[in-house]
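Hi,

Here is the structure I promised to pass on. Please open it first, then read the notes below.

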Amino acid sequence: MVLEAAQPLGAETVPCGDALGRVLTDPVVSGRTLPPEDNSAMDGYAVRATDLAAGPVALPVVYDVPAGGRAPRPLAAGEAARILTGAPLPPGADAVVRQEDVERTGDRVRIPAGRPPRGFVCHAGQNVRRAGEDVAAGQTVLAAGCRLGPAHLGMLASLGSSSVAVHARPLVALLSGGDELVEPDGEIAGGRIVSSNSYTLAAACREVGADSRYLGIARDQPADIERCLRAGLRCDALVTSAGVSVGDHDHVRGVLEKLGCRLLCFGVRMKPGYPFVFGRFEGGAGPLVFGLPGNPVSTLVTFEAFVRPALLAMAGHAALHRPRITVTLAETLTKEAGRLHFVRVRLERRDGEVRARSTGNQSSGVLRSMIEAQGLLIFPAEATRLAAGERAEVQLLDESFLASTGSGL
Ligand code: AMP
Ligand code: MG
């Protein structure tokens with residue numbers, strides 16, 4: 001339901017220097033041939049390969065072609081030209097002999113015999129980079145939907161582009177709600193707590209290339225919530241934390257509906273994160289709305305499950321989900337049937353497999369469990385027991401785990 005609503009945002013043109021990780025809206029068709037002409041892959045001497053076929057020769061060096069230079073005239077039979085890497089091959093020449101393979105004396109160059117057993121062979125095309133061997137004019141070099149990495153940006157530059165059209169970055173409005181909340185420099189005496197979720201969520205947005213706008217902390221009163229929410233209605237997504245469950249002071253849902261948001265989902269059979277809300281405005285007249293539960297772990301797990309893929313889809317990405325790996329349980333896990341559990345787990349490679357162990361206390365208030373976890377183990381809704389030694393699926397939070405090696409592997 002979320003992904004159906006999360007359509008790619010329109011295009012914006014950005015400098016190539018700022019486009020890393022962005023997604024192309026249109027294919028890139030080359031207006032150029034690269035390299036534009038045959039050129040030398042080595043420092044050495046441009047020759048005609050047939051001149052070397054018979055035996056060792058000493059050829060006059062008739063001119064030099066530096067990188068960025070050009071031959072003053074075609075190379076005739078029986079001549080050589082000094083040439084540097086990247087310089088265009090003189091007309092008439094068809095090969096380059098490396099300078100390491102020859103002896104230069106004055107304005108002559110002595111080139112060894114043209115065949116083995118001395119091991120020296122020169123054939124047409126040797127050490128020559130052909131015009132168009134990288135890119136042909138008219139060729140589609142990058143497809144629409146392609147995520148721009150370092151090589152893509154270098155290619156765009158080579159094609160003469162200093163800017164590129166990419167999907168816009170989603171702008172996410174973030175609202176915290178609760179009378180108990182203060183900012184990190186606030187006083188926590190008297191049952192107050194720091195609104196850590198705004199930091200967690202801003203960072204989680206940034207990690208997927210989305211921008212965020214912090215709307216502050218709304219008090220548990222409909223008027224204050226409405227005032228704060230209105231400031232986020234022009235964003236692409238509105239993410240609230242807390243105030244969406246059934247508590248006496250949970251007014252967020254009511255205010256959203258008053259503002260014209262149609263709530264499509266309330267409550268997901270998962271733990272942590274049951275009281276998750278998703279809504280949208282008719283005809284896309286407002287942001288996609290994600291009401292996340294306030295407990296810090298629930299906030300981050302529901303972000304992972306629902307908001308992160310939606311933001312990636314809006315930015316045009318095709319890969320929306322974290323990698324999943326199969327692990328072996330290092331300990332037995334039990335739960336009641338009814339909800340899918342995302343168990344925070346530590347992973348270890350041992351004896352050719354990945355072993356998973358719970359981070360311990362799985363309370364949705366224990367944010368440390370997310371710091372220690374490398375992944376979320378999927379404990380299916382109807383299952384009640386996963387025994388030590390059994391296999392299970394883990395959604396990786398720490399993708400660098402894929403590149404890690406451990407003892408025994
Ligand atoms: P609520 O959804 O309002 O019932 O909140 C559930 C739990 O999450 C409560 O313990 C809140 O104190 C906590 N909580 C709510 N908002 C935040 C926040 N922005 N940062 C950290 N914890 C929060
Ligand atoms: Mg609250």
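**Notes on the model**

P272 sits in the loop between β19 (270–271) and β20 (277–281). Helices (H or I, at least four residues) and strands (E, at least two) are DSSP runs, numbered from the N terminus. The peptide bond from K271 to P272 is cis, with omega near -5°.

Two remarks on how to read the rest. This is a predicted model, in which local features need pLDDT of at least 70 and side-chain atom pairs count only at pLDDT 80 or more, while totals for chains, interfaces and linings use all residues. Residues are numbered from 1 along each chain as its sequence is written, chains are lettered from A and ligands numbered from 1 in the order in which they are written, and side-chain values use heavy atoms, with hydrogens and water left out.

Most residues other than glycine have a negative phi, and most peptide bonds are trans. P35 belongs to the loop between β2 (28–29) and β3 (39–40).

D351 is not a glycine, yet has a positive phi of about 50°. Its loop joins β24 (340–350) to β25 (353–358). D351 counts as exposed because its relative accessibility is 65%. The cut-offs: buried is under 20% relative accessible area, exposed is over 50%, and partly exposed is in between (1.4 Å probe, protein chains only).

**The ligand**

Ligand 1 is surrounded by 14 residues. The closest are E180, S195, S196, G294 and N295. Here a residue is near a molecule if one of its heavy atoms lies within 4 Å of it.

- S195: a polar side-chain atom at 2.9 Å.
- S196: a backbone N or O atom at 3.1 Å.
- S176: a polar side-chain atom at 3.5 Å.

On its own, ligand 1 has 490 Å² of accessible area, and the protein covers 77% of this. Areas come from the Shrake-Rupley method with a 1.4 Å probe; for residues, only the protein chains shown count as cover.

**The cores**

The largest nonpolar core has 40 residues. By definition, such a core is a set of buried Ala, Val, Leu, Ile, Met, Phe, Trp, Tyr and Cys residues joined through side-chain atoms within 4.5 Å. F290 and L311 have the most contacts inside this core. Elements that give two or more residues to the core include β13 (171–177), α3 (197–207) and β21 (288–292). Helix α6 (296–314) is also one of them, and gives the most, with eleven residues.

What does L311 contact, leaving aside neighbours within four places in sequence? The list is P170, V172, C205, V208, A210, A237 and F303. Contact means heavy atoms within 4.5 Å.

A second, separate core has 18 residues, among them C228, L229, V244 and L256. C228 and L229 are also among the buried residues of helix α4 (residues 222–230), together with D224, I225 and E226. The buried residues of α4 pack against β13, β16 (211–218), β17 and α5 (252–258).

**Strands and loops**

Strand β5 (residues 57–65) runs antiparallel to β9 (residues 108–111), joined by four bridges. L59 has V109 in β9 as its bridge partner. β5 also pairs with β6 (residues 80–83), in the parallel sense, over three bridges. There D64 stands opposite R82. Pairing requires that DSSP finds at least two bridges between the strands.

V102 is in the loop between β7 (95–98) and β8 (103–105). V102 counts as buried because its relative accessibility is 15%. Beyond its neighbours within four places in sequence, V102 is in contact with Y45, V97, V109, R110 and I111.

Two residues in the loop between β9 and β10 deserve a look. Q126 lies in this loop and counts as buried, at 14% relative accessibility. A polar atom of the N127 side chain lies 2.9 Å from the backbone oxygen of V96. A polar contact is a pair of N or O atoms within 3.5 Å; within protein, one must be able to donate a hydrogen and the other to accept it, and residues adjacent in sequence count only if both atoms are side-chain atoms.

Best wishes
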